[in-house]
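Open the model in your viewer and keep the sequence panel beside it. The stops below follow the aromatic side chains.

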Amino acid sequence: MAEILPFTDDEIIKLVSRYETPFHVYDEKGIRENARRLIKAFSWAPVFYEYFAVKANPNPYLLTIFNQEGMGADCSSMAELELARRCGITGEDIMFTSNATPADEYRFAKKLGAVINLDDISHIPFLEECSGGLPGLVSVRYNPGPLRTGNAIIGNPKEAKYGFTREQVFEGYRILRDKGVRRFGLHAMMASNELNGQYYVDTAVMLFELAAEVSKELGIRFDLINFGGGIGIPYHPEQKAVDFEDVSADIRAAYEKIIVPAGLHPLKICMELARAMTGPYGFLVSKVLHIKKTYKNYVGLDACMANLMRPALYGAYHHITVIGKGNDPADQLYDVTGSLCENNDKFAIDRYLPQIVPGDIIVIHDTGAHGHSMGFNYNGKQRSAELLWREDGSILQIRRAETVDDLFATLDFGGLGKFDRQTHHLGEDA
Ligand SMILES: *Cc1c(COP(=O)(O)O)cnc(C)c1O
């Protein structure tokens, strides 16, 4: 996926003539087809439900696309809950998986009827007290700690702040059961950007086994089991996408081996994927402002870390296409940079690309998840617009670019007139 653009060079050039760079553009057709592939792969399950993790791309149009495809929203904050609500996604179509959760967020999640996924055993009394009683359905997030090794990005489970220990899982469900909760969920998220499908299967097996044990010991049944997010995407051309069909077949075998004999069938099988849902279908389009030759060769873009943090944050690889130069030899070594006063504001380091000149259009691939949403406003840089490339080829702007006024909206210039400049000298008398 990483190398292939779903748009022609001419289409990109036309787009750039109509919309100011930089912008992210999302491929609606690709998103919908992928969503349908996932649902089809799990059609064996009594109920299969994907909660798109909102944080990866919190745009109402994308949430609505997923909702139209039969998916819900995984929310982790007040704003994400409110965004889902405003998109008409409510009730158990929302999974609320948060941590260090404020009381008002629990109250709001409960009011919306969301599936509340508790991060800690102490949150049982906290939720009960802050929201006037426990909801009918409660989910528990499990952290296996030393029982499982983590993957590179999310780290060792023992070092992860999330979830209940194994002992707390049993104790937690016992408390919930004794308090009258009758519907239960079980959740874990064990990886991030993991391209080995087996890792996801292992998480499913781990959760199935745990559910069977808990059920046997406490005499409770489960409504849903949620394997979390974490399926990776092939950012690098040499990587391979996880095959939903393969993962599904293995999870199905585990379901039949563990869940059915334990008497837990029928079960709702849930996921909260994000990267694998939108990542490959987003593209950051930017223009080359400068070519600089010093100790290295630099391509200076009109995009910066405000638009995409991943390369600077994780050293992540994002494939880069220079529009109109696909047939030129990639024999020039460049660092591709943004304009922040931060030397790690680079989209690529030591990348071989075709010869680039100012004015060239650059497309950075796989920006559909954890791209725009992760952006920040350091140096007063504004986050870009987001465009949706509709299935019929039309373009819809689904978020406008930020303006300087947006950035200054929280500042108080009006108060400056009355501001006592003497306060600067308070320290001198002390
Ligand atoms: C971030 C997150 C996800 C989505 O993760 P991806 O790696 O993008 O699939 C799902 N669930 C929770 C709780 C998360 O924090």
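A residue is called buried under 20% relative accessible area, exposed over 50% and partly exposed in between, with a 1.4 Å probe and protein chains only. This is a predicted model, in which local features need pLDDT of at least 70 and side-chain atom pairs count only at pLDDT 80 or more, while totals for chains, interfaces and linings use all residues. Residues are numbered from 1 along each chain as its sequence is written, and side-chain values use heavy atoms, with hydrogens and water left out.

Select Trp 44, which is buried at a relative accessible area of 17%, and then Tyr 255, also buried, at 3%. Rings of Phe, Tyr and Trp (its six-membered ring) pair if their centres lie within 6.5 Å, and count as stacked with planes under 30 degrees apart, edge-to-face over 60 and tilted for the rest. The whole structure holds 17 aromatic pairs. In the pair of Trp 44 and Tyr 255 the centres are 5.5 Å apart and the planes at 65 degrees, so it is edge-to-face.

Next, select Phe 96 and Tyr 106, both buried; their rings form an edge-to-face pair, 6.0 Å centre to centre with 80 degrees between the planes.

Finish at Tyr 49, where the charged end of Lys 268 sits over the ring, 4.9 Å from its centre (the criterion is NZ of Lys or CZ of Arg within 6 Å of the ring centre and within 35 degrees of the ring normal).
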